[in-house]
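Here is a short briefing on a single chain. Read it alongside the coordinates.

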Amino acid sequence: MILEVRGLVRAFGERRVLDRLDLTIAPGEFVALLGRSGSGKSTLLRALAGLDPGVARLPARRAVMFQEPRLMPWKTVLENVALGLRRDDAREAARAALAEMGLAGREDAWPAALSGGEAQRVALARALVRQPELLLLDEPFASLDALTRIRMHGLVADLWHRHRPAVLLVTHDVWEAVLLADRVLVLDGGRIAHEVRVEAPHPRRRSDASLAALETSLLARMGVEWN
Ligand SMILES: Nc1ncnc2c1ncn2[C@@H]1O[C@H](COP(=O)(O)OP(=O)(O)O)[C@@H](O)[C@H]1O
Ligand SMILES: [Mg+2]
């Protein structure tokens, strides 16, 4: 296992947001994490990113990406991607990661000049260039427009097929989870309350009836029902 967490507890004051949560992720596995707003998804991701102390057995090479790109405005795109990389070929590696994200030629741009989708691709390049064994994504496409989001789904699927990191994608978009993941988890009551494997081969399509059925049943798990 690339990640193994047992009995994880996180509390704010009296309230246990994560309550003896267990989670394992295999190398190269794509896991999506669903849950209502406030269910503790970001709290879990922060713990797994090593941003909080106390979680054992995290892989050394991990990268995290958030809903906002979190770029340094006073550094160029290339400098942002190469930031903190301790290798001799940092700039070349950053250049290659940007090219893979379709951003060749944008290396010298300033973050302020980027569209929302471009900025998220820079953030993804910054994660990718670290060659993570575990890639943690916290609603990375939530603030993008629908068309850009669809493009990002394709990009992430390609990236995962090429590099095969283990991925934990937090999302509240049930379709996004079903489209991309091998396994979908629902966080509720501080634990993984539900888990389902997605067997459909890639590339997955909107027209796949088994995926639509899975989407409906996951929505029901999250308390959304319609006829
Ligand atoms: N630093 C903090 N201090 C106090 N409460 C927090 C803190 N971070 C998160 N919480 C609370 O923990 C709960 C889970 O938050 P979060 O993990 O951000 O949920 P999600 O990402 O699923 O929307 C929320 O009720 C939130 O208000
Ligand atoms: Mg959150």
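V81 sits in helix α2, which spans residues 77-82. The model is predicted. V81 has a relative accessible area of 0%. That is under the 20% cut-off, so V81 counts as buried.

**Around V81**
- Setting aside neighbours within four places in sequence, V81 contacts A94, L98, V122, A125, R126, V129 and R130.
- One of these contacts is V122, which lies 41 residues from V81 along the chain.
- The C-alpha atoms of V81 and V122 are 6.9 Å apart.

**Nonpolar surface patch**
- Which residues form a nonpolar patch on the surface? They are M72, W74 and L83.
- Together, M72, W74 and L83 have about 290 Å² of accessible area.
- M72 is placed in the loop between β4 (62-65) and α2.
- M72 has 30% relative accessibility. Buried means under 20% and exposed means over 50%, so M72 is partly exposed.

**Helix α1**
- Helix α1 covers residues 41-48 and is mostly covered.
- How many of the 8 residues of α1 are buried? The count is 6.
- The buried residues of α1 are K41, T43, L44, L45, A47 and L48.

Technical notes: Residues numbered from 1 in each chain as written. Chains lettered and ligands numbered in written order. Predicted model: local features only at pLDDT ≥ 70, side-chain atom pairs only at ≥ 80, totals over all residues. Heavy atoms only, no water. Helix = DSSP H or I, 4+ residues; strand = E, 2+ residues; numbered from the N terminus. Buried < 20%, exposed > 50% of the residue type's maximum accessible area, 1.4 Å probe, protein only. Contact = heavy atoms within 4.5 Å. Patch = residues over 30% accessible without salt bridge, like charges linked within 9 Å, V, L, I, M, F, W, Y side chains within 5 Å. Areas by Shrake-Rupley, 256 points an atom, 1.4 Å probe, with all protein chains shown as cover. Salt bridge = Lys/Arg side-chain N within 4 Å of Asp/Glu carboxyl O.
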